[in-house]
Amino acid sequence: MLKIPPDRPIHPESPATTGPLVVAIAYDGLCTFEYAIVAEVFGLARPEMGAGWYRFATAAIEPGPLRAHGGLRVEVDGDLTLLGQADLIVVPGWKGMDVPVPDSLREALLAAHSRGARLASICSGAFVLAATGLLDGRRAATHWRYAEALRRARPAVAVDASVLYVEEGRVLTSAGSAAGIDLMLHIVRSDFGAEAANSVARRLVMPAHRSGGQAQFVKRPVPKRRDSRLAPLLDRMRTELQRRWTIRDMAREAALSERSFLRRFAEATGTSPGEWLAAARVDEARRLLEATALPVEDVARLAGFGSTATLRHHFSRATALSPRDYRERFGHGQGRAA
């Protein structure tokens, strides 16, 4: 069996690290973007994270040569025996909804999970995790286009087509391709804390955190041009979250009638002013909980919620965690490997 020492750099661009071993599954027909997400987050050299950062490897489920979308050829680090050493295994998409999952892969995933490894999937990779039976009786996310097919294939799985990602114990699933980035950052945040996740997100030039419960898409199309009347208003609302905003105030700031304002706001944001403002306040509360030691009462006031009860209501609805639990998990210096 191939054995990887904890101080050996697995990825050729990575320095010697001793952290959790992340193994990405590779197969003929590999989903290039989904695989690249995993390699970018866990396999890229990040000396600023120290020696305890992740190690990364790619395991083939079948003999080569393996092709990826776009005509690329994939060179791997080993075969399924690598899963026996993995702390986290990621399935970056799958060959097709109707393509059977090999018994060897299914058994290797079950064995890894049984000994304590985490399993994660991006997009159609949920079909692979579902084939193990580990998603039976649990919520799972996948791309909204594949949700019905997954329900038919595995009726025991509670498929949620509306969210970005779901964490059910040591099994994590995400929606369409880009939602995989959100899930991988969520894992980094859980392992190394908010500061590390924010650092990785900055290098990716993307938001540091989107809640797993956030919708995969908005029903209304985003307008091609940013609404010139609403843009300054939204910026001002973000900087004045403690203000008691009313529809009348917002419409006046935008120089619109209340009726026109509500219509234009929904077209521009896909939501109502109240829901948008609550989300902006939750984002600010999240930032304060991660970066400061302020009492929850002060966080509620500074984020614009006024009371801790109102903060708890909106925060728990958005993150499925109480403010105190969120701080314990994601606050500065927190995380399993921090």
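Student: What should helix α5 span, at 1.5 Å a residue?
Tutor: Helix α5 covers residues 179-192, and its 14 residues should span 20 Å. That is 1.5 Å times one less than the number of residues. The end C-alpha atoms are 20 Å apart, which agrees. Helices here are DSSP runs (H or I, at least four residues) and strands are E runs of at least two, numbered from the N terminus.

Student: Where do these numbers come from?
Tutor: The model is predicted, with local features needing pLDDT of at least 70 and side-chain atom pairs pLDDT 80 or more, while totals for chains, interfaces and linings use all residues. Residues are numbered from 1 along each chain, and side-chain values use heavy atoms, without hydrogens or water.

Student: Is α5 mostly covered or uncovered?
Tutor: Mostly covered: 14 of its 14 residues are buried, meaning under 20% relative accessible area with a 1.4 Å probe, protein chains only (exposed is over 50%, partly exposed in between).

Student: And what follows α5?
Tutor: G193, with a positive phi near 95°.

Student: How many residues are in the largest nonpolar core?
Tutor: It has 75 residues, and M184, I187 and V188 are among those with the most contacts inside it. The largest share, eight residues, comes from α5. A core is a set of buried Ala, Val, Leu, Ile, Met, Phe, Trp, Tyr and Cys residues joined through side-chain atoms within 4.5 Å.

Student: New topic. Where is A156?
Tutor: A156 is in the loop between α4 (147-153) and β8 (158-160). It counts as partly exposed because its relative accessibility is 44%.
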